[in-house]
Amino acid sequence: MSAPGENLKINGDRLWDSLMDMAKIGPGVAGGNNRQTLTDADGEGRKLFKSWCDAAGLTMGVDEMGTMFARREGTDPEALPVYVGSHLDTQPTGGKYDGVLGVLGGLEVVRTMNDLGIRTKHPIVVTNWTNEEGTRFAPAMLASGVFAGMHDQDWAYARKDHDGKTFGEELERIGWKGTEKTGDRKIHAYYELHIEQGPILEDENIDIGVVTHGQGLKWLQVTLTGKEAHTGSTPMPKRRNASLGMARVIELVHEVAMDYQPDAVGAVGHIDVYPNSRNIIVGKAVFTIDIRSPDKDVLDEMDTRIRLGIETIAEALDIECEVEQVGHFDPVAFDPKLVDTVRAAADRAGYTHRDIVSGAGHDACWINRVAPAAMIFCPCVDGLSHNEAESISKEWAAAGTDVLFHAVLDTAEIVD
């Protein structure tokens, strides 16, 4: 076995062209993408990805959750594969790179190996996990969660979108429900390349983020129920205003997150109010709280404080409250050996790097529970993501994929 030379680089132009070609599928209204999971656009994106994998000589497997596994054989039929990947689905107003870079970067690693005639002991599998975003079917990272045994597959199939369509039905409809049992695959190591989705790397002019930990997350769906009444004729002291309760909860979430700086965060994202009429006091408010921390104890304390605060707010306003946890994963510490491999790969390829904590959830967070896993970040402009204006440079994409390339070759073991 020999280490890859520092002069070995992926084909940055080919990678960029692939990113731009994929971005043509499911275009957004403002220059980004709307390729939500299990839509026709998702199906079309999967078909394009498979065609590229076929051209690269990979064999495709698909499991019962629709996750795609494109395999390049190794020289040792008994060696467990090195997996690389991320997701091709996007937010409704998503960018061209979130998730997609990790999948197509993995494909570019294989294409470059083909170009250079590189063989490895371990097979390499490029992966597209289904429904990472969780926008259409909550929760996020659904397929990787089933793979890792965190969710029951029948429960996942029963997840419904806003129109009442189920995950299972839509997976069958677009033709990407595979026959392979979810979670049967054994993994030697898993690497995921991703844009940072934060401003740190760009602000500090650093090429690569070596992800050591992932923040834990809790999503709390809150329902506040008051009483609908006329906005003009109902005296202020008589009102049971659910929207006022929601406003106070939003302020509470902010205050709690600020008490656990520098790493904790919290916000209210999705909001529905009823009946949503300009001259009717809101009778019911349904909204989702997102809290995150890399420290499990802190995350649990935030949860407890917020729940108690909601009860106090509801009692003061004479409204009813219900809190349901609709998403959760504990903080993640990525595999130290693979993290060291990423650092060494960045050094060998000549890129600056720093350790970093992922503020967002990724499929690697679940896979890390069943196999060694690590992540690589590249910068994104202004730290902006989950937005059609999300942007990276060709150079950043190539640098991240170069590091992925060297890390994968180290772990998969080059055969002379």
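Reader: Leaving aside its neighbours within four places in sequence, which residues is Val268 in contact with?
Author: Val268 is in contact with Ile250, Val253, Phe287, Thr288 and Ile289, where contact means heavy atoms within 4.5 Å. Before going on: this is a predicted model, in which local features need pLDDT of at least 70, side-chain atom pairs count only at pLDDT 80 or more, and totals for chains, interfaces and linings use all residues. Residues are numbered from 1 along each chain as its sequence is written, and side-chain values use heavy atoms, with hydrogens and water left out.

Reader: Where is the place of Val268?
Author: In strand 10. Strands (E, at least two residues) and helices (H or I, at least four) are DSSP runs, numbered from the N terminus.

Reader: Is Val268 buried or exposed?
Author: Val268 is buried, because its relative accessible area is 19%. Buried means under 20%, exposed over 50%, and partly exposed in between, with a 1.4 Å probe and protein chains only.

Reader: And what separates the C-alpha atoms of Val268 and Ile289?
Author: A distance of 4.5 Å, although Val268 and Ile289 are 21 residues apart along the chain.

Reader: Switching to helix 9. How many residues does it have?
Author: Helix 9 has 22 residues, 296-317. From first C-alpha to last it reaches 32 Å, close to the expected 32 Å; the expected span is 1.5 Å times one less than the number of residues.

Reader: Which residues of helix 9 are buried?
Author: Val298, Leu299, Met302, Asp303, Ile306, Gly309, Ile310, Ile313, Ala314 and Leu317. They cover an arc of only 140° around the axis, so they are on the same side of helix 9. The arc is that of the directions from the helix axis to the C-beta atoms. On the other side of helix 9, Asp297, Thr312 and Glu315 are exposed.

Reader: What covers the buried residues of helix 9?
Author: The cover includes strand 8 (216-225), helix 8 (242-258), strand 10 (265-274), strand 12 (284-293) and strand 13 (320-329).

Reader: Which residue caps the N-terminal end of helix 9?
Author: Asp295, with a side-chain oxygen 2.8 Å from the backbone nitrogen of Asp297. Just after helix 9, Asp318 has a positive phi of about 60°.

Reader: How is the protein divided into domains?
Author: Domain 1 is 12-215 + 331-415 and domain 2 is 216-329; the bounds come from an automatic or database domain assignment. Their centres, taken over C-alpha atoms, are separated by 33 Å. In domain 1, 13 residues are in contact with 13 residues of domain 2.

Reader: Which residues touch the most other members of the largest nonpolar core?
Author: Leu19, Phe49, Leu101, Leu104, Tyr191 and Phe334, in a core of 99 residues. A nonpolar core is a set of buried Ala, Val, Leu, Ile, Met, Phe, Trp, Tyr and Cys residues joined through side-chain atoms within 4.5 Å. Helix 12 (residues 394-412) gives the most to this core, with 10 residues. The core draws at least three residues from each of domain 1 and domain 2. Apart from it lies another core of 27 residues, among them Leu220, Val282, Ile310 and Ile319.

Reader: Is helix 12 mostly covered or exposed?
Author: Mostly covered, with 15 of its 19 residues buried. Glu413 follows helix 12 and has a positive phi, near 70°.

Terms used
Polar contact = N/O pair within 3.5 Å; in protein donor to acceptor, adjacent residues only side chain to side chain.
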